[in-house]
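Colleague: I would like a close look at one part of this model, with the cut-offs stated as you go. Please take the sequence and the structure together.

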Amino acid sequence: MEGATAAEAHPTMGVKIFSAGLAACVADVITFPLDTAKVRQQIQGECPNSGAPKYKGVLRTVITLAKTEGPLKLYNGLPAGLQRQISSASLRIGLYETAQEYFTEGRETSLGGRILAGVTTGGMSVFIGQPTEVAKVRLQAQSHLYGPKPRYTGTYNAYRIIVTTEGFSGLWKGTTPNLARNVTINCTELVAYDIMKDTLVKNEIMADELPCHFVSAVIAGFCATLMSSPMDVVKTRFINSTPGQYKSAHNCAMTMFVKEGPSAFFKGLLPSFLRLASWNVIMFVCFERLKRELMKSGQPAESAT
């Protein structure tokens, strides 16, 4: 790669993993309130005595939470969220191109190769990062105003209580719906971003710069939200449920369908889209820039590997 520019140089695996993890953490910090709003809307209606919906609309949900429980409540579970990005997003995004190269074996990149890469890295990241997902969702869902007393005082307290009361398997609760969700998001999000960026650049509609990354990320976010919403709601409900509330993820889905109808699977769709689209824009823009800067500097690139 001597004589190649940073844009031309092919980033190493270490650079891609490091850049993906850091970019995902930056995106998570900025968009976390939208994620909390999404979780609160998704769990509405599962308790028979919950009454009328407390949250309506994205902005009103965020404002209601900030007014009634304090602005910091919007970031409840953020440490677990960042741990999730470091352990999960760094791999599912950072290893995507490497997996894609493996499945194409030197041939021209195909849709099948992209999907296989998304399934592989998305599935692998779920098993590694599931405990952080369980802690994050439960911390976001708990409230001191409605229902029982909050179960956890913080991230590490959540890990300890889950292991004590539910065993180590409790940390991997909801793995099946989260696996389905994550694989769907990874395939849709990364493949859609990849295809859109390639199409825009190859047809000379846009250069491989910020506007191209922005457009590709928004389209990828929309596609991923629409495809993953039903699994996302089931995942949130099942992970947040108390022991014995649902027999399985399938039972959770059927209970939702019978009690609340098909629309229950799309609860929190708008905050989910706003969060995923904005998360995608921030993450992909930071990811692309970080890769270039690390390859340009050289030294961080070697330390990342």
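Is C252 buried or exposed, and what is its relative accessible area? Please then go on from that cysteine to the helices.

Modeller: This is a predicted model, in which local features need pLDDT of at least 70 and side-chain atom pairs count only at pLDDT 80 or more, while totals for chains, interfaces and linings use all residues. Residues are numbered from 1 along each chain as its sequence is written, and side-chain values use heavy atoms, with hydrogens and water left out.

C252 is buried, with a relative accessible area of 0%, where buried means under 20% relative accessible area, exposed over 50% and partly exposed in between, for a 1.4 Å probe and protein chains only. C25 is also buried, at a relative accessible area of 14%. The structure holds zero disulfides, a disulfide being a pair of cysteine sulfur atoms within 2.5 Å.

Turning to the helices, which like strands are DSSP runs numbered from the N terminus (H or I and at least four residues for helices, E and at least two for strands), I93 is found in helix α3, residues 78–94, and counts as buried at 3% relative accessibility. Leaving aside neighbours within four places in sequence, I93 is in contact (heavy atoms within 4.5 Å) with A20, L190, W279, M283 and F287. Although I93 and N186 are 93 residues apart in sequence, their C-alpha atoms are 8.1 Å apart in space.

L190, one of the residues touched by I93, also lies 9.0 Å from A224, C-alpha to C-alpha, across 34 residues of sequence. A224 itself belongs to helix α8, residues 210–240, and is buried with a relative accessible area of 0%; not counting residues up to four places away in sequence, A224 touches I185, T188, E189 and L276.

In helix α7, residues 175–202, one finds L200, which is buried at 8% relative accessibility. Beyond its neighbours within four places in sequence, L200 is in contact with I205, M206, C212, V215 and S216, and its C-alpha atom is separated by 9.7 Å from that of H213, 13 residues apart along the chain.

Finally, the buried residues of α6 are T155, N157, A158, Y159, I162 and E166, and what covers them includes α3 and α5 (111–141). The twelve residues of helix α6 (residues 155–166) should span 16 Å at 1.5 Å a residue, which agrees with end C-alpha atoms 16 Å apart; the expected span is 1.5 Å times one less than the number of residues. After α6 comes G167, whose phi is positive, near 80°.
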